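Good morning, and thank you for making time on the agenda.

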Amino acid sequence: MKRFMGVSLLALCAAIPAQAGMVFGFTKITNNAPNNISSQLAVEVSDLGGGIVSFKVTNNVGTASNMAQIYWDETDSAMDLINFGTAGLSVVSGPGPVVDFSIGGTPAELPGGNNAGPAFESEFRVSADSPAPHHGLNHASDSLTVSFSLVAGKTYADVLSYMNAGTLRLGSHVTGIGTTGQSDGYVTVPGTTVPAPAAIALGAIGAAMAAAFRRSN
């Protein structure tokens, strides 16, 4: 298994994000399986500080499925945003087989990527270790976090801007869907950001503290 991350970046991946993340949804771009599991798939994009961003991918399984490969696509307008050579991976496993991913793997391009608009062209990818059905994201409590350094002069705000514009996208090859066990391609949807649960919780705490302060004065 490949791991291309220094000790300092690993430590940052384990740290609490310096800025609450934003969550993006996915849309289905192929029609092999009868089930559309878009609502199960999400990526939380967070600022870890020091010019490092993380992408936490989850599959909130209701319908059986396995996120076997994750792809990144920078269109021309988003080029020179992410330094893909600094990638670091961390995983959280729920019940069942251990989640395990490595950089690279096959297929090299997102299956059905030509159906996306514009066509999805992979700049970077990670794949579940063999056997993929056992090591991908297939439980609600599983997660894969991939962290990167940004190119000098770029910021977390740039990442969110490009994600919202669709010029930076993630794609996933999802296998073993439903009772038919077929596979489909999914791509992130521009402008689908919502605050991560942690941010909502912090906001609620802040509101409660403000209310308590007002009552005491």
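**Overall make-up and local details**

What you see is a predicted model, and its secondary structure comes to four helices and eleven strands. The chain has 217 residues, and 45% of them count as buried. If we take the contacts with a separation of 6 or more, residues 24 or more positions apart account for 75% of them. As for the surface, the protein exposes about 9,900 Å², of which carbon and sulfur atoms supply 58%.

Let me turn to confidence. The average pLDDT is 84, and 79% of the residues score at least 70. Where pLDDT is low, the predicted coordinates should not be read in detail.

Rolling a probe the size of a water molecule over the atoms shows where empty space is left. How many cavities of 30 Å³ or more does the count give? The count comes to one. About 30 Å³ of space lies in the largest cavity. Its lining is formed by F24, M163, G166, L168, R169, T188, V189 and P190. By class, that lining has five nonpolar residues, two polar and one charged.

I come now to the backbone, and to the cis peptide bonds. One of them joins G117 and P118, with omega at about -5°. P118 is found in the loop that runs between strand 6, residues 101-103, and strand 7, residues 124-128. Another cis bond leads from S130 to P131, with omega near -5°. P131 belongs to the loop between strand 7 and helix 2, the latter covering residues 132-135.

Finally, which residue other than glycine has a positive phi near 60°? That residue is D80. D80 sits in the loop between strand 4, residues 66-74, and strand 5, residues 82-92. Is D80 buried or exposed? Its relative accessible area is 57%, and D80 is exposed because the cut-off for that class is over 50%.

That concludes my presentation, and I welcome your comments.

Methods:
Residues are numbered from 1 along each chain as its sequence is written. This is a predicted model: local features need pLDDT of at least 70, side-chain atom pairs count only at pLDDT 80 or more; totals for chains, interfaces and linings use all residues. Side-chain values use heavy atoms; hydrogens and water are left out. Helices (H or I, at least four residues) and strands (E, at least two) are DSSP runs, numbered from the N terminus. Buried means under 20% relative accessible area, exposed over 50%, partly exposed in between (1.4 Å probe, protein chains only). Contact means heavy atoms within 4.5 Å. Accessible areas come from the Shrake-Rupley method with a 1.4 Å probe; for residues, only the protein chains shown count as cover. pLDDT is the predictor's confidence in each residue, from 0 to 100. On a 1 Å grid over the protein atoms alone, a cavity is a set of points where a 1.4 Å probe fits but cannot get out, and a pocket is an open set with protein on both sides within 12 Å along at least five of seven lines; lining residues have an atom within 4 Å of a point. Grid points are joined across faces, edges and corners, and a volume is the space filled by probe spheres set on the points. Ala, Val, Leu, Ile, Met, Phe, Trp, Tyr, Cys and Pro count as nonpolar, Asp, Glu, Lys and Arg as charged, and the others, Gly among them, as polar.
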